[in-house]
Amino acid sequence: MGYVWHFEVIWEYQAVFYRAAVVTVEVTIGSLAIGLALGLAFGMMRLSQRAALRWPAAFYIESFRSTPVLVQLVWIYYALPVLSGVQMGNVTSLLVGLGLHSGAYFAEIFRAGILSVERGQMDAAKAIGMRHFQAMRRIILPPAIRRMIPPFINEFATLMKLTTLGTVLAVGELLHESENLINNTYRPLEVYTVLAVAFGVIIFPIILLSQQLERALKVRS
Amino acid sequence: MSETSAIRVRGLHKHFGANHVLRGIDLTIERGEVLVIIGPSGSGKSTLLRCLNFLEEYDQGEVWFGEHLVGYRRARDGGLVRDRERNVARVRAQMGMVFQGFNLFPYKTVLENVIEGPVIVQRQAPESAREDGLALLRKVGIADKADAYPSRISGGQQQRAAIARALAMRPQAMLFDEPTSSLDPELVGEVLDVMRGLAAEGMTMVVVTHEMGFARDVADRVVMMDEGVLVEEGAPSEIFRAPRQPRTAEFLRRVIH
């Protein structure tokens, strides 16, 4: 087997990777923001005592968790305009799609985190005259969010890798640009290897950082 | 019973699903009175206590705290509807509650626990709240633990911190839900001493406890509860020396050996 690696070919195209990495990071941050906001809102709704809030939240969460992201993206980009006349650009579609998808998972992370806080904490907060919202913000969420960090980082890493599905909408993120590059250079193994390394270089430091954050938070209390 | 009673309970019913936990409770607690509720576990004592500050929603009947109906308000048609959360919270703030499991906020120091209510709910300036809080911690004997986190102090100290947290709201009444039941035996005394001190100051107290010694020495009145009803009530001397109801006698035989 005499495969000869030619990474030097890729080296000439490094600007393509930098440009695509920026798009990947932007899409990740954008859909993360949407996902977190949706996740917090729907996670709280699913915990509500009112069925009128609980049921729609459950419907949203379970339908996005039980269907393929790829189909969700294609559907938002191609089918939604046909049905509703709303045509979003490819980047916006990707942001909305991944935001909705990760929002369903973040909702479950929020919900589990809030449920992990002992019931007595809410009792104690209410007994000193706090309203539900105050008790959530001051008493329940701080410890809940600490416990959410590991699953949160998990979901974050997953989300960043899911941005590669943007290639089906021709969004110029890392995978899409890599595929274009393969068409020009005919060096798929080298390109995919660099692609993997690029993701690792972005995601790994964030994992390290989160572990330090976790440790730092554990020291107090 | 008079208009100036601290707490009045009328025809109170509470279900948990098919389980009929409170089956028509009538009870009046006067200002400055120490009422101790005794009875077997599962008799509804804690549920009754939690209905007093609406941590538990009752299904039927009325709970009055002074002139406030707790948890409900009169609708135009005369029926009762759920009160606004703000009003419920305002009434709750005037009743301190101490829990079996302490329920201190674990990520806050003892002093931060104590000033949380005054600063966040009553909007007292943090500086003066700290001064008041330290005075309360001195009163319950744990001023030296002000900056400790709850996990670093003993159960007895945690429960005293929880009492200080409740007192910081300057409540008109204090509810105690088995405050010594999760303490090691040697730590029970320090918590009961603090409660004795409060009673001596004239605090209105409703105490659910299995500490019969405390009930005998400190209570103005003892009520015996079983299967969701009040079986018997009277001065501790009557209840402990000559219970009228067989259920009370049977219960006391089992807990006092």
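In the predicted model, strand 1 (residues 7-16) of chain B pairs with strand 2 of chain B in the antiparallel sense, over eight bridges. Within this pairing, Phe16(B) stands opposite Asn19(B) of strand 2. Both strands belong to an open sheet of four strands in chain B, whose order is 2-1-4-5 and whose pairing is antiparallel. The edges of the sheet are formed by strand 2 (19-29) and strand 5 (68-69) of chain B, each of which pairs on one side only.

Val222(B) stands opposite Gly234(B), a residue of strand 12 of chain B. Strands 11 and 12 of chain B form a hairpin with two residues between them. In the turn of this hairpin, Glu227(B) has a positive phi of about 50°.

Taken as a whole, chain B contains nine helices and 12 strands. Along the principal axes, the C-alpha atoms of chain B fill a box of roughly 55 × 50 × 35 Å. The radius of gyration of chain B is 18 Å, which agrees with the value near 18 Å for a compact globule because the comparison is made for 257 residues.

The secondary structure of chain A comes to nine helices and zero strands. The box filled by the C-alpha atoms of chain A is roughly 70 × 50 × 30 Å along the principal axes. Helix 5 of chain A has 26 residues. From its first C-alpha to its last, helix 5 of chain A reaches 37 Å, close to the 38 Å expected at 1.5 Å a residue. Helix 5 of chain A also has a kink of about 25°, centred on Gly103(A).

Empty space was examined next. A probe the size of a water molecule, rolled over the atoms, shows where such space is left. The largest pocket has a volume of about 1300 Å³, and 34 residues line it. Nearest the centre of the largest pocket lie Leu47(A), Gln49(A), Met122(A), Lys126(A) and His132(A). Two or more lining residues are given by each of helix 2 (14-47), helix 5 (90-115), helix 6 (119-127) and helix 7 (132-162) of chain A, and by helix 2 (85-93) of chain B. Helix 7 of chain A gives the most to this lining, with six residues. By class, the lining of the largest pocket has 16 nonpolar, three polar and 15 charged residues.

The second largest pocket holds about 240 Å³ of space. Among the residues that line the second largest pocket are Ile10(A), Trp11(A), Gln14(A), Phe17(A) and Tyr18(A), together with Val194(A), Val197(A) and Val201(A). Helix 1 (7-11), helix 2 and helix 9 (188-219) of chain A each give two or more residues to the lining of the second largest pocket. The largest share, five residues, comes from helix 9 of chain A. The lining of the second largest pocket has 10 nonpolar residues, one polar residue and no charged residues.

A search of the whole structure for cavities of 30 Å³ or more finds one. The volume of the largest cavity is about 30 Å³. Ala127(A) and Ile128(A) line the largest cavity from chain A, and the lining from chain B includes Ala93(B), Met95(B), Gly96(B), Met97(B), Ala166(B), Met169(B) and Pro171(B). Strand 8 (residues 95-98) of chain B gives the largest share of the lining of the largest cavity, three residues. By class, this lining has eight nonpolar residues, one polar residue and no charged residues.

How values were computed: Residues are numbered from 1 along each chain as its sequence is written. Chains are lettered from A and ligands numbered from 1 in the order in which they are written. This is a predicted model: local features need pLDDT of at least 70, side-chain atom pairs count only at pLDDT 80 or more; totals for chains, interfaces and linings use all residues. Side-chain values use heavy atoms; hydrogens and water are left out. On a 1 Å grid over the protein atoms alone, a cavity is a set of points where a 1.4 Å probe fits but cannot get out, and a pocket is an open set with protein on both sides within 12 Å along at least five of seven lines; lining residues have an atom within 4 Å of a point. Grid points are joined across faces, edges and corners, and a volume is the space filled by probe spheres set on the points. Ala, Val, Leu, Ile, Met, Phe, Trp, Tyr, Cys and Pro count as nonpolar, Asp, Glu, Lys and Arg as charged, and the others, Gly among them, as polar. The expected span of a helix is 1.5 Å times one less than its number of residues. The bend at a residue is the angle between axes fitted to the seven residues ending there and the seven starting there. Two strands pair if DSSP finds at least two bridges between them. The radius of gyration is taken over C-alpha atoms; the globule rule is 2.2 Å times the number of residues to the power 0.38.
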